[in-house]
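Good morning, and thank you for the time.

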Amino acid sequence: MNELRVGILALATIASVIFMSLKVTTNQSGFGDYITYRTIIRDASGIFPKTSLKVAGINAGRIKTIELVENAAYLTIEILSRVTVTKGSVLSIKSVGFLGDKYLEIIIGPGNERLEENGFIPAQEGGGVEDLMKDASQVLKDVRVIVSNIKETMAPEGREPPLRKILNDVKLMAANAREASDSLHKVIVGNEKRLEKMVKNFEEVSERLAYHVNNNNKESAMSDIKEILANAKEMTSDMKELMDHVKKGRGTVGKLIVEDEIADEVQHTLASVQKIVGKVDAIRTELGLFTGANTVYGAETNLGLRIFPSPERFYEVGITTSEFGPEKEKHTTTTINGVSNTEVRTVKDKNSFNFNVQLGRKIQNWVFRGGLIESSGGLGFDYERSDWGSKFSLDVYDYRDDIGINLRFGTEVQLWNVFYGKVAVEDMIEDSRSATISAGLKFSDEDLKGLLGFFL
């Protein structure tokens, strides 16, 4: 009785996980009824079916379909019915972060009159990483103007440097001070008595000054002044050396002032980074997990990952596990009284693991694959019909001396959303043919984002 309860609880748990996965991947915006609307955009790069749609920054729907109509993308979107989309609302394409993950944002218009079902929502295009790159280019131009002004101020070409002009002005001030001293001497002559009285008054002050002017006294002000002047001289020497390096274009600041090519190189670097980010964002993935049973080999599980660097090319890696592997002959030799007897038995490996590593090419509805198929070299051909939700496959692999190649034909059908069913026939041209029936889940990038976002 306990085993029956445990089994019922396990089945209920698995059913709950599958139900939640299907509900989440059907629409990542939550549960409820949805209303369909339409829109047209000129550039649909970076958005795909199931891309999320937000209102006030919160998921409220998704893209249902994307179709090419003349020279624009025709989008059908779904929005939660509890969100009131009024007439005058507009749709905007926005980006998340530097990598440019895109989503749609609906800005609700004024008024309370609701837009009818299948109504048209105009789109506002622009913004995101592309505009940021354009702004960065404009900033670089402004930086070049500022650098040019600094260069003109500190080291003007064909004219006297401003610092030298300042030094000449200081010399002129010294000459003026000398003339003032001569005038003061003329004033002193004839006023000796008055000056003598002033000198007596300043004798005490002079004694104090003498104490601080004494170089031998370590606590005198002169010692402090000498130390300050030494530090100032060292700073002046360092500043002069730094200015020489800047004028000659040495170091980062010098290159920015002297070499105009630095700004161009930075702009080219930003353009290269934008291209790399665009290529990374274009990579799509598809994850599939199927489990079922074969009429000969027992239980079988398949896990596969397809990576699409471009829509027409992909790489596929995966693993296949089965309860029993292929048959092998086991030879056992026994010797009794000098007579050898060899016994031949046919056995099967248990818990067999096989690996798939393939390179594929897609031409319209046809897919051609080649590489390792279940740890054996082979070729595969697929015919896909996305409008039917079906795929037909033919694999040729695993040559065996006693049987020949394994010719496997299978079909895959989308039962509902991410839930699929598969049927395959092994060794079609041989008497030892077998069949495999399995079911499982297939997730795209948008499905995985929605599923992870729901649980995390």
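This is a predicted model: local features need pLDDT of at least 70, side-chain atom pairs count only at pLDDT 80 or more; totals for chains, interfaces and linings use all residues.

Phe 381 is partly exposed, with a relative accessible area of 33%; here buried means under 20%, exposed over 50%, and partly exposed in between, with a 1.4 Å probe and protein chains only. Residues are numbered from 1 along each chain as its sequence is written, and side-chain values use heavy atoms, with hydrogens and water left out.

Phe 381 belongs to strand S13. Together with Ile 363, Trp 366, Phe 368 and Leu 379, Phe 381 makes a nonpolar surface patch of about 490 Å². Strand S12 (366-372) and strand S13 (377-385) each contribute at least two residues to the nonpolar patch. Patch residues have over 30% relative accessible area and no salt bridge, with nonpolar side chains (Val, Leu, Ile, Met, Phe, Trp, Tyr) joined within 5 Å and like charges within 9 Å. A salt bridge is a side-chain nitrogen of Lys or Arg within 4 Å of a carboxyl oxygen of Asp or Glu.

Asp 238 lies in helix H6 (residues 221-247) and is partly exposed, at a relative accessible area of 43%.

Turning to the whole chain, 28% of its 456 residues count as buried.

Technical notes: Helices (H or I, at least four residues) and strands (E, at least two) are DSSP runs, numbered from the N terminus. Accessible areas come from the Shrake-Rupley method with a 1.4 Å probe; for residues, only the protein chains shown count as cover.
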